[in-house]
Amino acid sequence: MKTIEEQIQEFGVVPVVVLKDVETALPLAKALTEGGLPCAEVTFRTEAAEGSIGRIRGAYPNMLVGAGTVLTTKQVDRAVCAGAKFIVSPGFDPEIVDYCLERRIPVFPGCITPSEIAQAVKRGLKVVKFFPAEQFGGAAAIKALAAPYNMMKFMPTGGVSAKNLKEYLSCDKIIACGGSWMVKSDLIDAGEFEKIRNLTKEAVTLVKEIRR
C-alpha cells in the first residue's frame, strides 16, 4: 500500500478547500473525482469542515481526504474521527505534531525557517508544508532551505496557481503543491461544480505536462 506522501506526490496538487455548508461537500467531491483529482485538504476554518469530511469519506471511501488549518489536538481528534487521513497545520506546533506522531497520524506541519525544519527532522518527518509559499520566497526559498536539510521534502501552499505551478513542481524537493485556484470559495458557493471539474482537469493535465 502506498503511503500518504506517495499518494500526494502522484497527484502533484492537493486542492485546499473551504466549505461553508456540508451540502456542498458531495458535489465538490464528485467534481474533483471526475476531474481526475480524488484528493482534498478540507480546512478547519468553518463549522462545516468536520461534517464535510465525514460525508465525503462516506460517499467516496477511496478519496484521499485530509484536514487543514488544524490548530488544536481536539481538532485532530475531530478530523480523524470524521475520516481525515492526514493532518495539515499552518505552523509548527510541537504539541500537535507530537500528538499525531504518537497516534501514527500522518501530519504535515508548516515550516518556513531552518529552526522549524530542524524540529521536524528531529521528529523523523519526511515532508512538511511550506506556508505561505509565495510570501516567504517561493521555490527559491525552498531550494535554499533544502540544501542543508536535503532529507526533507516540501508541500508549498499559499499563492500557488496554474501560472507558477511549473516553477514549484520543477524542484525535486517539492512533492506536490496545495492550491485553491480550482476550488475557490465563490465557485463552491455559487454551485459551479462543472467549472470546478474543468479547472481540476486542467490542473491534472498541467501536472502531467510539467512532469514529462
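These legends describe close-up views of a predicted model.

**View 1. Strand S1 is largely enclosed by the rest of the structure.**
S1 covers residues 13-17. Five of its five residues are buried, so the strand is largely enclosed. Both faces are covered. Val-13, Pro-15 and Val-17 lie on one side, and Val-14 and Val-16 on the other.

**View 2. S1 pairs with strand S8 and with strand S2.**
S8 spans residues 177-179 and runs parallel to S1. Three bridges join the two strands. Pro-15 stands opposite Gly-179 of S8. S2 spans residues 39-43 and also pairs with S1 in the parallel sense, here over two bridges. Val-17 faces Val-42 of S2 as its opposite residue. Between S1 and S2, the chain passes through helix H2, residues 25-34. This β-α-β crossover is right-handed.

For a disulfide, two cysteine sulfur atoms must lie within 2.5 Å. The sulfur of Cys-81 has its closest cysteine sulfur in Cys-100, 12 Å away, which is too far for a bond. Cys-81 is exposed, because its relative accessibility is 71%. Cys-177 is in no disulfide either. Its nearest cysteine sulfur belongs to Cys-171, at 9.5 Å. Cys-177 is buried, with a relative accessible area of 0%.

**View 3. Phe-86 and Phe-108 form an edge-to-face pair.**
The search of the whole structure finds two aromatic pairs. In this one, the ring centres are 5.9 Å apart and the planes meet at 70 degrees, so the pair counts as edge-to-face. Phe-86 sits in the loop between helix H4 (73-82) and strand S4 (87-89), while Phe-108 is in strand S5 (residues 107-109). The pair therefore ties together parts that are 22 residues apart in sequence. Phe-86 is buried at 1% relative accessible area. Phe-108 is buried too, at 0%.

**View 4. Phe-130 and Phe-154 also form an edge-to-face pair.**
The centres of these rings are 6.5 Å apart, with 85 degrees between the planes. Phe-130 belongs to strand S6 (residues 127-130) and Phe-154 to strand S7 (residues 153-156), so the contact ties together parts 24 residues apart in sequence. Both Phe-130 and Phe-154 are buried.

**View 5. Salt bridges link Lys-30, Glu-34, Glu-194 and Arg-197 in a network.**
Side chains of opposite charge can pair when their charged atoms come close. The whole structure holds nine salt bridges. Lys-30 bridges to Glu-34, with the closest N and O atoms 2.8 Å apart. These two residues are four apart in helix H2, so about one helical turn separates them. Lys-30 is partly exposed at 40% relative accessible area, and Glu-34 is partly exposed at 37%. Glu-34 also bridges to Arg-197, with the closest N and O atoms at 3.1 Å. Glu-34 is in H2 and Arg-197 in helix H10 (residues 193-210), so this pair ties together parts 163 residues apart in sequence. Arg-197 is partly exposed, at 24%.

**View 6. Arg-103 meets a ring and a partner in a salt bridge.**
The charged end of Arg-103 sits over the ring of Tyr-99, 3.5 Å from its centre. Arg-103 also forms a salt bridge with Glu-102, whose closest N and O atoms are 3.4 Å apart. Glu-102 is exposed at 62% relative accessible area, whereas Arg-103 is partly exposed at 43%.

**View 7. Lys-129 sits over the ring of Phe-131.**
The charged end of Lys-129 lies 4.6 Å from the ring centre of Phe-131.

How values were computed: Residues are numbered from 1 along each chain as its sequence is written. This is a predicted model: local features need pLDDT of at least 70, side-chain atom pairs count only at pLDDT 80 or more; totals for chains, interfaces and linings use all residues. Side-chain values use heavy atoms; hydrogens and water are left out. Buried means under 20% relative accessible area, exposed over 50%, partly exposed in between (1.4 Å probe, protein chains only). Two strands pair if DSSP finds at least two bridges between them. A crossover is right-handed if, with the strands pointing away from the viewer, the path from the first strand over the helix to the second runs clockwise. Rings of Phe, Tyr and Trp (its six-membered ring) pair if their centres lie within 6.5 Å; planes under 30 degrees apart count as stacked, over 60 as edge-to-face and the rest as tilted. A charge sits over a ring if NZ of Lys or CZ of Arg is within 6 Å of the ring centre and within 35 degrees of the ring normal. A salt bridge is a side-chain nitrogen of Lys or Arg within 4 Å of a carboxyl oxygen of Asp or Glu.
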